[in-house]
Structures are given as C-alpha cells and as structure tokens.
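Here is a short briefing to read alongside your protein. Take a look at the sequence and the model first, then work through the points below.

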Amino acid sequence: MTKTISFCRATFRVESPTSVAAATLPIKNAVDLRLDRDASGAIHIPPSTFAGSLRNHATRVHGEAWTNSLFGFVADEDDGSETKARASSVWFLDSSVTHAKVEQYVATAISRHTGAAKLGTRRDSERLLAGATVSLDLRIDERLDDLIELVTTWRPVVGRNRSNGYGELAVERVDYGSVDLGTPEGLAQWLSHSGPDLVSEVVRAHSATVAEASNEAQAIDLQMQVVEPWTSDPVKDEGEDGHKTYRLKTNADGLPRMSAASQRGVLRSSISFILTTLESPLRCRGEACEHDRWECRVFGHGGAADGVGRRSALTFRESPIVDGVSAFRTRNAIDRFTGGAARGALWRTEVVTEGMVHLRIEYRSVSDADWQILLAALRLVIVDIQDGFVRFGAAVASGHGRFSVTTSTTGDPDADLMTLLAARTLLSPKDEVSAP
Ligand SMILES: [Zn+2]
C-alpha cells in the first residue's frame, strides 16, 4: 500500500495590529490583555485560530457541502437515531510569528454620549504591530489542489478587536509538496525529519501563485486637514532637562497616527447625537432597545435581554498623519489653592500643527438602504467637522483637534442646503416616526 502525505506552508504578512490574547487570569499590576506566547516566550498565534477563518472562506467560495467534505462535520440525523460525523482532511499543525514587534497600549471604552473615554474601563493591552510575518503549516493527505486553491485566495482575520481593523493578514506565499511513503526517497525524508523541519523540507518542492487580494467591502474615504493642533494619547518620555515630555505615538514609518478606536468613537457619537436630535427612528434606544434598528445593525450593540451582542458592521483603520509638522507645547500645572503656576510642574506635549489624514471606513455585508443612510449621516457629520463642533483626539475641550474635510466620497464636503435637507429627510422619515 502506498501512502502520500502532503504539506502546505502559508506565509502571511500582518497588515494591521493584531491581538490574539492569552487565556490567562488577570494579574494585578500587569498587562490585562497579554498576547499569547509559546513556552519559549515567543509571540504565538495558535493554529486553531486559523481553522474557523479558513472554513468560513471555503463556505463563501464553494458552499457548505463542499466545505463539509473537506473540513469534516458533526450532524445529527433527523430522527435522532444516529450521529453522522466526518473528520477534517485538513490538519492545522503549527504556526510561528517572526519579525514580531509588540506594543503595549492603554485602551478605554469610548462613551457614546460624550464621545470621550468612559470611566473605569481603562485597561493595559498588548498588540502585535503590522509588518510581522506569520507562517502556518497544514497537512492534507488527499485533495491537495483544493486546499492550495483555497489558501492562495484567503485573507484571514484573526483575534480580537476586528471592527477596529485588527488582525488582518495577507497571504504572501504558499509553498507545498508531498512525501510518497512508497518510495525509498520519500521514506528517508519522512524518517529523517520531524515536525516543522519535515514541513520545511517537503514544501521546498512547489510554490503556488498567490491571488490578488480582493476586497469585498464598500468603503468611504475622507481626507482631512489639520486646522487646530491635534494630539492623542501620548507616551511619557523623560526629557533631557528633566521636564516631563509626552510624545505622540508613531507607526512603523515614524508618522503620528490617529487610532481606529478614536475615529470610530468620534463618528459614532456624532451620528448618535444627530439621530437623537432628529428623534430618528433609526437610533438605538439603549437598554430599552430591541436592537432591530439601523444604528444597532451598523454600529453593533452590547446585547439585548438575551445578552447576545452584535459586532459593528464598520471597520475603521489606524491612519497616519502625513505631510505633518509637529511641535511641543509647554504647559504648567495650575496650583489649585493659589491659582498660580505650580512649582516644578512644567510639562511638554507634542502636537501636530499641520498635516493631512486619510480616514477609510469599510462596511461589509449590508443592504443598499443601510449604506445610503450611512452616507447621509456622514454628510451631516462633515458639516459639524467643518464648523469645529466635531473634533478628534485629546484635549478637544481646550481647542485641539479641529480638522477640515477636503475631499470625501460622500460628496462635496461643503454640501449645499438641498443635499443636507435630503440627508436629513433620509435620517428622519416622517412616515416612520410613529414606529415604536
Ligand atoms: Zn439598539
């Protein structure tokens, strides 16, 4: 009897910050959400993390029956007499992360009502930054061609925080090969290597062509220019002269960046505010809501009475500030008792005084009607951005974070009155106002 065993190694580039958190109990004074690590301390993404994603991809492309035949299934017979099951032909063997850059950051939940950080939700987290390489080893004994075709068109999204654009991987190369245990060469290869070494040895045989990335999402692009200095969750750094200095966080290219969570917090709270003002039937009613409304579908919700929440249909991305000029603003703490400057409390904060930022909002698997409402809502939010009522980043109450929208795929940023009235009507349809 001859037996052929095949291996496939997919190599991915990490495209956006990624967080596959370890399932550990929180330790006091330690990072609350730590990345998963292996026994040697290296960042690790468990191979099982990829299994659901590849299966979903197969279902989208080939349907459920095809997917069940490759990945196995467990199903109860209709009469309950017997359980049918089939094991997966694909084995998720091993994965490794190289060129890993880990960042610790502080996150808070954003209040929907104020657009600012919610009290008591601060946590320290870790994330793997974009640019790392992830490799995943798979084994399959039949239907190697089917597996290769699937992997070359795959764009896995793994880990937490996906609505902030986290966890996106792009396939860079797919190598594969087979060992024929019926031949002396195959048997020698099989017996002289094991584990990842065996896979490395076998997959040297072939390299598959990787498909161009397809992006099924609809997107809105906003280009904004800094009007009044922007600053955001800076990191503390002891200045050479001993004064406290807060620097802006930068991306891998050294550019200051506006986080996805901050963009989402600001835009959601602005849209919520507009819907509330218009008494729109589209808005989420919070605790009393059955979560069947536009805002619940688009922005997600924490769960109704049954406790089942829904993830946001929108994806935001971290955006670098380009063509920027940054400066340090020196500040002094005010003594609460004397009202004068407190001694020894001088600090400096880095701000961006000029620059452009490009926001991209992606929206997946939604109806055209919901999409049109989002465009209308954003047209109204843009008016508030232009007027300085909607601002981004930190210290907005002291005049920071004003932008001007220069171009937008929602239409002319300085829309005329008729366009705005049409947007308003779409958000507050008169005949639906009496709906519960
Ligand atoms: Zn709701």
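What share of the contacts with a separation of 6 or more in the protein chain comes from residues 24 or more positions apart? The share is 71%, where contact means heavy atoms within 4.5 Å. This is a predicted model, so local features need pLDDT of at least 70 and side-chain atom pairs count only at pLDDT 80 or more, while totals for chains, interfaces and linings use all residues. Residues are numbered from 1 along each chain as its sequence is written, and side-chain values use heavy atoms, with hydrogens and water left out.

**The chain overall**
- The protein chain holds 9 helices and 17 strands (DSSP runs, H or I of at least four residues for helices and E of at least two for strands, numbered from the N terminus).
- Of its 436 residues, 42% count as buried (under 20% relative accessible area, 1.4 Å probe, protein chains only).

**The five-stranded sheet**
- An open sheet of 5 strands runs in the order β4-β7-β1-β8-β9 with antiparallel pairing (two strands pair if DSSP finds at least two bridges between them).
- At the edges are β4 (90-98) and β9 (206-208), each pairing on one side only.
- β4 and β7 (residues 133-140) run antiparallel, joined by 8 bridges; V90 has I140 in β7 as its bridge partner.

**Helices on the sheet**
- Helix α1 (residues 48-62) packs on the sheet and touches β1 (4-14), β4, β7 and β8 (169-180). The direction of α1 makes about 120° with that of β4 (axes are lines fitted to C-alpha atoms, for helices over the stretch in contact, with angles from 0 to 180 degrees between N-to-C directions).
- Helix α5 (residues 195-202) also packs on the sheet, touching β1, β4, β7 and β8, and its direction makes about 95° with that of β1.

Methods: Buried < 20%, exposed > 50% of the residue type's maximum accessible area, 1.4 Å probe, protein only.
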